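Trainee: I have a chain open and would like to work through it with you. Where should we begin?

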Amino acid sequence: MKRSEINDILAQGAAFIAQHGVVLPPFVHWGPEELVERARGDARQIAERRLGWDITDYGAGRFDEMGLFLVTTRNGDLSERNSGTGMLYAEKVMISRNEQLSPMHTHVHKVEDIINRGGATLVIELYGSDDAGGFAEDRGCTVACDGIAREVPPGGKLMLAPGESVTLRPGDWHAFWGEGGDVLIGEVSTVNDDLTDNIFREPIGRFATVEEDVAPDHLLVSDYDRWIG
């Protein structure tokens, strides 16, 4: 993705979030220089826990068709997740555009509530796992939608209206997209690890490859290693 495209998507996404009355933490508005300086000082946790903006096309170069807008607003530490004590939770705000696919994947560790916070309908396609945890085309799964058990057949689709949610556990294979318009999504989960805990059905990447045609307005979490170290 070109950096100029990412800058535009960030501006559009921030406006969409604000339209729905969601106020993001102040650090997401820092420019690159301020973020680098602060992340090397009193705000080290932002870089260490990869808080901030995340725009991905899953390495495919077709963001409008397959992509996702995310901002991680809070996240625990993996060592605390592994010990079972401390900050064991994470929160994201996401935007799934109309008919924009977030491709089929599951997680090894993360349990997540996916919440339609506003906009159009959020469609979630579900499959179960085989005995080794791999994708199983012939297996469905049982999930909880706002505390109500739902048995979903292989390839079944949940249609979540604003205010509705689903709890997904490791081994629940899922893909999702907006239908009828863009969707503001909330994610509340156990500690988030986007570097190693996303298992995709197809051999795709988690992060976009960025072509630096202009300067960044804001850094992405995938920029932190190069910019901050």
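Trainee: What should the 17 residues of helix α1 span, and how far apart are its end C-alpha atoms?

Mentor: Bear in mind that this is a predicted model. Helix α1 covers residues 3-19. At 1.5 Å a residue, its 17 residues should span 24 Å. The separation of the end C-alpha atoms agrees with that: 24 Å.

Trainee: Which elements do the buried residues of α1 pack against?

Mentor: Start with the buried residues, which include Ile-6, Ile-9, Leu-10, Phe-16 and Ile-17. The partners of the buried residues are β1 (52-56), β2 (68-75), β3 (89-96), β11 (173-190) and α5 (224-227).

Trainee: Is Asp-182 buried, partly exposed or exposed?

Mentor: Asp-182 sits in strand β11. Buried needs under 20% relative accessible area, and exposed needs over 50%. Asp-182 has 30% relative accessibility, so it counts as partly exposed.

Trainee: Is Tyr-58 buried or exposed?

Mentor: Tyr-58 lies in the loop between β1 and β2. Its phi is positive, about 55°, although Tyr-58 is not a glycine. Its relative accessibility is 4%, so Tyr-58 counts as buried.

Trainee: How does Glu-99 count by its relative accessibility?

Mentor: Glu-99 is in the loop between β3 and β4 (102-106). Glu-99 is not a glycine either, and its phi is positive, about 65°. At 47% relative accessibility, Glu-99 counts as partly exposed.

Trainee: What radius of gyration does the chain have?

Mentor: Five helices and twelve strands make up the count for this chain. A compact globule of 229 residues would have a radius of gyration near 17 Å. The chain agrees with that, at 17 Å.

Trainee: What share of the residues in the chain is buried?

Mentor: Consider contacts between residues at least 6 apart in sequence: 75% join residues at least 24 apart. The chain exposes about 10,600 Å², with carbon and sulfur atoms supplying 49% of it. Of the 229 residues, the buried share is 52%.

Key: Residues numbered from 1 in each chain as written. Predicted model: local features only at pLDDT ≥ 70, side-chain atom pairs only at ≥ 80, totals over all residues. Heavy atoms only, no water. Helix = DSSP H or I, 4+ residues; strand = E, 2+ residues; numbered from the N terminus. Rg over C-alpha atoms; globule rule 2.2 N^0.38 Å. Buried < 20%, exposed > 50% of the residue type's maximum accessible area, 1.4 Å probe, protein only. Contact = heavy atoms within 4.5 Å. Areas by Shrake-Rupley, 256 points an atom, 1.4 Å probe, with all protein chains shown as cover. Expected span 1.5 Å × (residues − 1).
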